[in-house]
Amino acid sequence: MTDAAHSLTLTDDAHALLAQLASLKTLFQLPDGVIYLDGNSLGPMPRCTATRLAHVISHDWAQGLIRSWNDAGWIDLPRRCAAALAPMVGCEPQELAIGDSTSLNLFKVLSLALSIQHQRAPERRIILSESDNFPTDLYIAEGLGAFLSQLGGPAWEVRTVLHDELMAQLTGPDAAHIGVLMLTEVNYRTGRRHDMQALTQAAHQAGALTVWDLAHSAGAFPVQLSAAQADFAVGCGYKYLNGGPGAPAFAFVAQRFFGQASALTGWLGHAAPFAFEQHWQGASGAASLQVGTPPVLSMEALLCGLQTLQQADALGGLAALRRKAELLTDRFIARTEAELTRYGLVLVTPKTLAQRGNQVSYVARPDAQGNTVDGYAVMQALIQRGVIGDFRAPDLIRFGFAPSYLDLADVDQAADILLDILATRSWDSEAMRTRAAVT
Ligand SMILES: *Cc1c(COP(=O)(O)O)cnc(C)c1O
């Protein structure tokens, strides 16, 4: 029996797990004829979201008007979202602030981490990150570092190294100069996952603080922020949390850092916003990171996304969903890897389960004849046949396997269509190569 055939055989436990979680799919409204493998970029719409938003618009807003801040609990939405999210990321609700984009939240928590290190150990001037971290994370760090230096402070260095070089940096000769370790737990390109606990421990031993980006973790598998001793984190609301396009993101601040102000001190992060005091005084807990008025429609949609995931609690929760995602990703790899290698598409996602998130990625390399398939065109051909994944420049195709609404049949069908597109070269046309504004 080959390896591939072996991984296609399911154990009884696996069958039971799939049956146990199957009902969750009905909670989502997915278009007919679509296999959605892009929930790691934009989660699909939970059915309850359409109903809920229709009510919020026609009742709470149209009829309730400004009274709804109190009567419909709009002002409490960030707190209610935090309560739903906290168990999924392994922290206390007071340690979470909901709102703004991931980029903005990163600015907030990074400003906090830098100012704490500036007070504690001003010689620590390195923000250590990974070379292929998501660009916005690196841009925010560069921008904040440059801004602080322009004001006359000593320069901050954003040092980026490869995944495998991080530990050596944390234990090497420059360890005493590292202020912050800023990483995305699951790499958006390769799907490779860091060991959050081990790296956080190494960072602390080096005297550095940690900032984790959970964009591809929150809602994908159980995250244990407190158990890992994480200092700060941010995450995204519109990926595995299914909060809708542009959904509010979140920031995590460990309790031991409560009482410190970030660089964004808005009125809704004030201890008493409606006292309209002249000077800022932070609300208790991470709520001090709230800045302005919450986007109510988007917050309501995020809450629906979170409540939809909560329905998995009775079925084993995120731990069970993660085991299902492992089955789905294993299956997709087993069905595609050997064939795809022949076309020069190389698997860049680790096969070791603990080392990957819920996505599988291939990069296009020259095949034996020196020809390279056009990854963008392959993805367009897939989308045209109802299999929606995405392409990341310059050469990577990505497939996300959100376990709440995908099953084995979806994975098998997606794999068959992918193999057919490559065998028939139906990707090889001008129409497939024409790039849209958003990829
Ligand atoms: C998706 C993603 C973001 C998104 O940031 P926005 O501010 O919401 O645009 C940030 N970081 C990572 C790692 C991501 O994957």
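The model is predicted, so local features need pLDDT of at least 70 and side-chain atom pairs count only at pLDDT 80 or more, while totals for chains, interfaces and linings use all residues. Residues are numbered from 1 along each chain as its sequence is written, and side-chain values use heavy atoms, with hydrogens and water left out.

Start with the ligand. The residues around it include Ser-101, Thr-102, Ser-103, Phe-134, Asp-137, Asp-213, His-216 and Lys-239; a residue belongs here if one of its heavy atoms lies within 4 Å of the ligand. By class, this shell has three nonpolar, six polar and three charged residues. Here Ala, Val, Leu, Ile, Met, Phe, Trp, Tyr, Cys and Pro count as nonpolar, Asp, Glu, Lys and Arg as charged, and the others, Gly among them, as polar.

Which side chains have a polar atom by a nitrogen atom of the ligand? Asp-137 has one 3.0 Å from a ligand nitrogen, and an N or O atom in the side chain of Asp-213 is 2.9 Å from a ligand nitrogen. His-216 places a polar side-chain atom 2.8 Å from an oxygen atom of the ligand. The ligand on its own has 390 Å² of accessible area, and the protein covers 86% of that; such areas come from the Shrake-Rupley method with a 1.4 Å probe.

The ligand takes up space in the largest pocket. A pocket is found on a 1 Å grid over the protein atoms alone, as an open set of points where a 1.4 Å probe fits, with protein on both sides within 12 Å along at least five of seven lines; its lining residues have an atom within 4 Å of a point. About 650 Å³ of space lies in this pocket, a volume being the space filled by probe spheres set on the points. Its lining holds 36 residues, and Ser-41, Asp-390, Arg-392, Arg-398 and Thr-439 lie nearest its centre. The largest share, four residues, comes from α12. The lining has 17 nonpolar, 11 polar and eight charged residues.

The second largest pocket contains about 440 Å³ of space. It is lined by 22 residues, with Ile-75, Pro-78, Arg-79, Ala-287 and Gln-290 closest to its centre. The helix α5 gives the most to this lining, four residues; helices are DSSP runs (H or I, at least four residues), numbered from the N terminus. This lining divides into 15 nonpolar, five polar and two charged residues.

Technical notes
A polar contact is a pair of N or O atoms within 3.5 Å; within protein, one must be able to donate a hydrogen and the other to accept it, and residues adjacent in sequence count only if both atoms are side-chain atoms. A molecule sits in a cavity or pocket if more than half of its atoms lie within 2 Å of its grid points. Helices (H or I, at least four residues) and strands (E, at least two) are DSSP runs, numbered from the N terminus.
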